[in-house]
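Below is a short report on aromatic pairs and sheet layout. Have the sequence and the 3D view open as you read.

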Amino acid sequence: MSESSPVRPRIAFLPRNEKGRDFVVGDLHGCRRDLEVLLVAAGFDPRRGDRLFATGDLVDRGPDAMGCLNLLRQPWFYSVLGNHEQMLLDAMGGDDAAIALSVANGGEWALGRILKRDPALQAAAQVLARLPHVLVVGPGTPERFNLVHAALLQAPAGKQLYRDADLDARLANADDKVVERLIWNRTLADEAAEAALRHPVPSWTEGLSITYCGHNPVPYPIIFNSHCHIDTGAGYEGNVDVNRQDSGAPMRLTLAEHHGGDPIFYTR
């Protein structure tokens, strides 16, 4: 992310689903085909009112970044901004350092398109630039859930988390580093990955609804401090590392059907 000027967090709100089911997919990283297989397995049907939400990082690493970006054209698809989208937007600004950072993190697929000012990528970038950093679904209802790319971390030192009330106030009192934490921080995910190996029961933070997040691969989906970590490494090869140790769990894509505090998971 650019450090030149602070960006205020974008918080978006959607009503609860009155017709169909809501699904959340972890970081796609260009793996659209895997997503399509999981959606078939889950019986996803937007004609019945089903909706799909994403934790960001639609692009880079995998084989079909543009195919994943094209999901943003669908009226049933919603996403928060991930750090890889932010790197792509920065690279499209033309700064050499930003381009190098994007390419070093799997963004080489976009380099030719950036240089040629590809219309499809330019159109996608306009949508990406408006994506929220946090998405609240069903505010004021028991079905409420939140989405963020990394974590709702208020203070890294004390690992203090934002609560629903803070989101409803649009993080009005947040400091100028809040966006960086929302899309880049790995503190909570590192702890969640270690906890996932112990297969613990879900842990909850008072005042915070279940919050789906990605950014940092975990060996197994886990609810940790009200954060449902569902990035299981799509777009990468090999197994998920936890604390620099091979967890034995293969990198893969995870889809969650929202079901209150007890999501139903599909993996591929």
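## Aromatic pairs and an open sheet

F53, Y78, F145 and Y212 are linked into a cluster by ring pairs. The model is a predicted one. In total, the structure holds five aromatic pairs. A pair of aromatic rings is described by the distance of the centres and the angle of the planes. Two of the pairs are set out here.

**F44 and W76.** The ring centres of F44 and W76 lie 5.3 Å apart. Their planes meet at 65°, and edge-to-face means over 60 degrees, so this pair is edge-to-face. Where do the two residues sit? F44 is in the loop between α1 (32-42) and β3 (51-54), and W76 is in the loop between α2 (65-69) and β4 (77-79). The pair therefore ties together parts that are 32 residues apart in sequence. F44 has 14% relative accessibility and counts as buried. W76 is buried as well, with a relative accessible area of 18%. The cut-off for buried is under 20%.

**F53 and F145.** This aromatic pair is also edge-to-face. The rings are 5.5 Å apart, centre to centre, with 90° between the planes. F53 belongs to strand β3, while F145 belongs to strand β6 (residues 145-148). The pair therefore ties together parts that are 92 residues apart in sequence. Are these two residues buried or exposed? F53 is buried, at a relative accessible area of 0%. F145 counts as buried too, at 1% relative accessibility. Both F53 and F145 belong to the ring cluster with Y78 and Y212.

| Pair | Centre to centre | Angle between planes | Class |
|---|---|---|---|
| F44 and W76 | 5.3 Å | 65° | edge-to-face |
| F53 and F145 | 5.5 Å | 90° | edge-to-face |

**The sheet.** Strand β6, which holds F145, is part of an open sheet of six strands. The strand order is β1-β5-β6-β9-β11-β10, and the pairing is mixed. Which strands stand at the edges? They are β1 (11-14) and β10 (222-224). Each has a single partner strand, so one side of each is left without a neighbour in the sheet. From one strand to the next, the twist averages 25°.

**Strands β9 and β11.** Strand β9 (residues 211-213) pairs with strand β11 (residues 227-229) in the parallel sense. Three bridges join the two strands. At one of these positions, C213 has H229 in β11 as its bridge partner.

**A helix across the sheet.** Helix α9 (residues 187-197) lies across β10 and β11. The helix runs at about 125° to β10, and β10 is an edge strand.

Methods:
Residues are numbered from 1 along each chain as its sequence is written. This is a predicted model: local features need pLDDT of at least 70, side-chain atom pairs count only at pLDDT 80 or more; totals for chains, interfaces and linings use all residues. Side-chain values use heavy atoms; hydrogens and water are left out. Rings of Phe, Tyr and Trp (its six-membered ring) pair if their centres lie within 6.5 Å; planes under 30 degrees apart count as stacked, over 60 as edge-to-face and the rest as tilted. Helices (H or I, at least four residues) and strands (E, at least two) are DSSP runs, numbered from the N terminus. Buried means under 20% relative accessible area, exposed over 50%, partly exposed in between (1.4 Å probe, protein chains only). Two strands pair if DSSP finds at least two bridges between them. Axes are lines fitted to C-alpha atoms, for helices over the stretch in contact, and angles run from 0 to 180 degrees between N-to-C directions. Contact means heavy atoms within 4.5 Å.
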